[in-house]
Structure formats: structure tokens, C-alpha cells
Amino acid sequence: MVTMVRAAALTHFSDVMRELGGDPDKALRQAGLRPALLREQDQLIDVAIVARLLEDAAQSTGCESLGLRMARHRQLSSFGAVSLLLLHQPTLRHALDTLVAHMHLVNESLLIHLEDAGGIVILREDFVLHGAMRQSVELAMGVLWRMCEALLRERWRPQGVSFSHAPPADLSEHRRMFRCRITFGAEFNGIACRAADLDEPNPLADPALARYALRLVEAVPAHRAASVGHQARRVIYLLLPSGNATCAGVAQGMGRSLRTLQRELDREGLSFSELLTEVRHELALRYLDHPHYSVGQIASMLGYASHSAFTRWFAAQFGCAPEAWRNRAQGLPLSLIHI
């Protein structure tokens, strides 16, 4: 299934390319996109095309932090119709929950999940897209950071930021943006902050404007991201590590009965087992690309009770054991690096 993102995802692409001495119009045309598309903020674009565009642009300009540079210029308005609704939420926690609920209007491929760990909350980001690339990840992380900063201002004091990819040669852009501990080669992409910070009151919140904004957002025509199949995939991604990514568990997570979910998937020509296999297939390859994940860890993250159960499934899917697949892969292992 092709997943889509609003053209607003490429806001400031041209500005940053020119700052770096690149030709944004040429880069867009090479990606099969019209330069004028950048002025059509709500136009939908294939996420894979955007991800490839950013990677190619970073390579052509020699700038490993291109996505982060784009994020640095972002304002809350970049979220389109959802922006006003976010601005008037009573706390950052409410704003994040609102963003998660309406992410299908912003970026179909992006997952944001809040993980409570005592007094710390992890704002975790992931992509429903195999091989999500460095620039897309850093752009998404930077935009999330900017949203939190816009709402809390000087009260936004996170504990740290984590990236699953390796560090760039030049860390100056990351230090300029985040101003906190940065970890590369981590097990997830996310921001760690105090739980209490999420519940700080938002001085900009106006309940009347929030209700008005909600009516505006609900009037936005639903597009393919609202399909039941896509929603189910997103919930599977979130529930796999806990072992609860069963058809019944996903139905509950979507606010449906088991029978209703099965009926709606059948109407879209899908089955739950096919979706589960598809998601596991994508994540297995993604995780095996990172040598710091042991095969046992990967088995657990994919919801398997044992290493052997995962190995049997992987061998049936790919024709070899996961260790053999990893041994054939190219590249050097990532090490966990703290900045």
C-alpha cells in the first residue's frame, strides 16, 4: 500500500537547498515532482518519493543534517488544519494525544507513541515504511521538537534525544537544535522528557478556539489514511513489542469489536494475518540492519515468545535463519554513541 504525506512536509526544502548551494528545482524534477508542488501544501505525495528526495539532496549537497535544517525553520502552522487545534490544547500531553489522533491528516507513514516510564516519558517516533531513512527521521524528530518548544517555550527542557542511526561527521546542527544529551545507535528514535513537563498548563490554550478548531479539522475530507487497513497496520506496529498484536487486541485498540474489524478488513480485501505478516516482514529487515539488536531482542520486539519461534517464521519467509541474513548484509556495526 502506498502511504502519503502532505506537500507541507517539504516546507523550507528549497530554502535549505539554496543555502547549501544546491538546485531545489532540479532535485524535485529528478524525483518526478513539479517544483510548483511546494506551494500546494495540502497536496498528497508518496512518502517513499519524499524520503528518497531528501536522501538524494543530502548526498548531492554533502550535508548529513539536511532534514534537521529543514525542521529548524518549522512553525506550528506546518501541521496544516491541525495546527490551531494543537495550539489551544490545555497541556502538551493533550496536544500530543491530539496529534496522534489526527496524524493521518499530516503524514500517513509516521507513528508517534508516548511511553511512560515512571517520572520520564518517551515521545517515540517510527515510520510505517521499510527502510525509513536518516533525513526523514531527523526531519520528523526535529518537527516534533519544534512543536513541543512552540507550546512550552522556555519550559521545554527534555532529558535527551535518541536516534537509531549512526552519528553524522558534523554534530553542530544537532547540538544547535536539541541542546541536551543526544544518543546515536539507540534502539529507538525519540525524545525523553519529564512526565511533569507534559502536564504543564499551556498559557495559549483557549477552550472555545479548541472547540472551533476541532470542527474545522473534522470537516477536512477523510482520505486514504483513514482506511481500516492502514489504521490496523499502525496499531500492529504499536502493539507488537507487548505481544498484544492479536486481531482482538488490535480491534480493541481501534475501538472496534473483533467481528467489526474482520468485516471491515474483508470489505477492503485484506486479512489480519496478512497485515501482521507484512508488518513483521518490514520490521524484521529494518531491525536486522542494526547489528546492536540481538536476534533475541528482535524476536521480542516482533511479539515472539522465543528466539526459536522467530527463527522458524523468518526462515519460512526468507529462506534462511536471521543470523545468516545478517551475516550477508553489508556495512559496519553501529555502536552506541552519546553526545
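A search of the whole structure, which is a predicted model, turns up 16 salt bridges, meaning a side-chain nitrogen of Lys or Arg within 4 Å of a carboxyl oxygen of Asp or Glu. Here are three of them.

| Salt bridge | N to O distance |
|---|---|
| Arg69 and Glu173 | 4.0 Å |
| Arg179 and Glu149 | 2.8 Å |
| Arg194 and Asp197 | 2.6 Å |

Helices here are DSSP runs of H or I with at least four residues, strands are E runs of at least two, and both are numbered from the N terminus. Arg69 and Glu173 also belong to a salt-bridge network together with Arg72. Glu173 has 6% relative accessibility and counts as buried; the cut-offs are under 20% relative accessible area for buried, over 50% for exposed, and partly exposed in between (1.4 Å probe, protein chains only).

Then there's Arg179, in the loop between helix 8 and strand 6 (181-184), whose partner Glu149 is in helix 7 (residues 134-152), so this pair ties together parts that are 30 residues apart in sequence. Arg179 is exposed at 54%, while Glu149 is buried at 16%. As for the last pair in the table, Arg194 is partly exposed at 32% and Asp197 is buried at 0%.

On to the cysteines. The disulfide count is zero, with a disulfide taken as a pair of cysteine sulfur atoms within 2.5 Å. Cys180 isn't in a disulfide either, since its nearest cysteine sulfur, that of Cys193, is 10 Å off.

Out on the surface, Leu84, Leu209, Tyr212 and Leu216 make up a nonpolar patch with about 310 Å² of accessible area together (Shrake-Rupley, 1.4 Å probe, only the protein chains shown counting as cover). Such patches take residues with over 30% relative accessible area and no salt bridge, joining nonpolar side chains within 5 Å and like charges within 9 Å. Helix 10 (residues 207-218) gives the largest share, three residues. One of its residues is Leu216, partly exposed at 40%.

How far to trust all this? The protein chain's mean pLDDT (the predictor's confidence in each residue, from 0 to 100) is 87, with 93% of residues at 70 or more. Over residues 331-337, pLDDT is below 50, and the stretch has 18 contacts beyond near neighbours in sequence (heavy atoms within 4.5 Å).

Local features need pLDDT of at least 70 and side-chain atom pairs 80 or more, while totals for chains, interfaces and linings use all residues. Residues are numbered from 1 along each chain as its sequence is written, and side-chain values use heavy atoms, leaving out hydrogens and water.
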